[in-house]
Amino acid sequence: QVQLVESGGGLVQAGGSLRLSCTASGSIRRINDMGWYRQAPGKQRELVATITSGGATNYADSVKGRFTVSRDNAKNTGYLQMDSLKFEDTAVYYCNANILRTLAYVGLDYWGKGTLVTVSS
């Protein structure tokens with residue numbers, strides 16, 4: 001069994017910063033791509049940022065230059081550093097990872113339960 005657990009959400013004023021963490025646990029052989037998504041009230045879930053196992057990153061235009069995605073493969077943990085937060089960044093943030101389990105041949109996508117980020121204007 002594999003689990004993803006996010007942490008680090010909370011309430012912050014506009015212009016502030018937060019750092020989200022996502023830790024994978026269970027029978028893991030390798031974590032492939034990791035990603036962060038968010039869903040604001042009344043809106044569809046959208047991609048925020050992704051990072052490959054080799055460290056290549058991709059960002060949504062709305063967060064480029066403000067958010068930084070990273071990972072620590074030794075700790076099975078991904079991070080999302082969010083700076084210069086705006087009111088419109090308010091959402092539930094979800095971690096996603098493609099994980100190859102022990103004794104498996106194909107990686108599967110897993111999701112965390114989400115962590116709420118609220119930015120006050």
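Mentor: One term before we start: contact means heavy atoms within 4.5 Å. Also keep in mind that this is a predicted model.
Trainee: Okay, let me try that term out. Which residues does Q39 touch, not counting residues up to four places away in sequence?
Mentor: Q39 touches Q44, R45, A91, V92 and Y94.
Trainee: And where does Q39 lie?
Mentor: Q39 belongs to strand β4, which covers residues 28-39.
Trainee: Is Q39 buried, exposed or partly exposed?
Mentor: Its relative accessible area is 29%, so Q39 is partly exposed. Buried would need a value under 20%, and exposed a value over 50%.
Trainee: How far is Q39 from A97?
Mentor: Their C-alpha atoms are separated by 17 Å, and the two residues are 58 apart along the chain.

Trainee: You mentioned R45 as a neighbour of Q39. What does the charged end of R45 sit over?
Mentor: The ring of Y94, with 3.8 Å to the ring's centre. Y94 is also among the residues that Q39 touches.
Trainee: Nice. And which ring has R19 over its face?
Mentor: That is the ring of Y79, where R19 is 4.0 Å from the ring centre.
Trainee: Where is the place of R19, then?
Mentor: R19 is in strand β3. With 47% relative accessibility, R19 counts as partly exposed. Leaving aside neighbours within four places in sequence, its contacts are S7, G8, Y79, L80 and Q81.
Trainee: While we're on rings, how many aromatic pairs does the count come to?
Mentor: The count gives 1 aromatic pair.

Trainee: Back to β3. Which strand does S21 lie in?
Mentor: S21 lies in β3 as well, a strand made of residues 18-26.
Trainee: Does S21 count as buried or exposed?
Mentor: S21 counts as buried because its relative accessibility is 16%. The cut-off for buried is under 20%.
Trainee: What is S21 in contact with, leaving aside its neighbours within four places in sequence?
Mentor: V5, E6, S7, W36, T77, G78 and Y79.

Trainee: Let's change topic. What can you tell me about L4?
Mentor: L4 is in strand β1, residues 2-7, and counts as buried at 7% relative accessibility.

Trainee: What about V63, buried or exposed?
Mentor: V63 is at 0% relative accessibility, so V63 counts as buried. The residue is in the loop between β6 (57-59) and β7 (67-72).
Trainee: What does V63 touch?
Mentor: R38 and V48, if we don't count residues up to four places away in sequence. V63 and M82 are 8.5 Å apart, C-alpha to C-alpha, and 19 residues apart in sequence.

Trainee: What volume does the pocket have?
Mentor: The largest pocket has about 190 Å³.
Trainee: How does its lining split by class?
Mentor: There are 4 nonpolar, 2 polar and 4 charged residues.

Trainee: Last topic: backbone angles. What is phi of S84 near?
Mentor: Near 50 degrees, a positive value in a residue other than glycine. S84 is in the loop between β8 (77-82) and β9 (91-101), and at 42% relative accessibility counts as partly exposed.
Trainee: And what is phi of L103 near?
Mentor: L103 has a phi near 75 degrees, again positive and not a glycine. L103 is in the loop between β9 and β10 (108-111). With 74% relative accessibility, L103 counts as exposed.
Trainee: Thanks, I'll go and find those in the viewer!

Terms used: Residues numbered from 1 in each chain as written. Predicted model: local features only at pLDDT ≥ 70, side-chain atom pairs only at ≥ 80, totals over all residues. Heavy atoms only, no water. Phe/Tyr/Trp six-rings, centres within 6.5 Å; stacked < 30°, edge-to-face > 60°. Lys NZ or Arg CZ within 6 Å of the ring centre and 35° of its normal. Helix = DSSP H or I, 4+ residues; strand = E, 2+ residues; numbered from the N terminus. Buried < 20%, exposed > 50% of the residue type's maximum accessible area, 1.4 Å probe, protein only. 1 Å grid on protein atoms, 1.4 Å probe; cavity = no way out; pocket = protein on both sides within 12 Å on 5 of 7 lines; lining within 4 Å. Points joined across faces, edges and corners; volume = space filled by probe spheres on them. Nonpolar A, V, L, I, M, F, W, Y, C, P; charged D, E, K, R; others polar.
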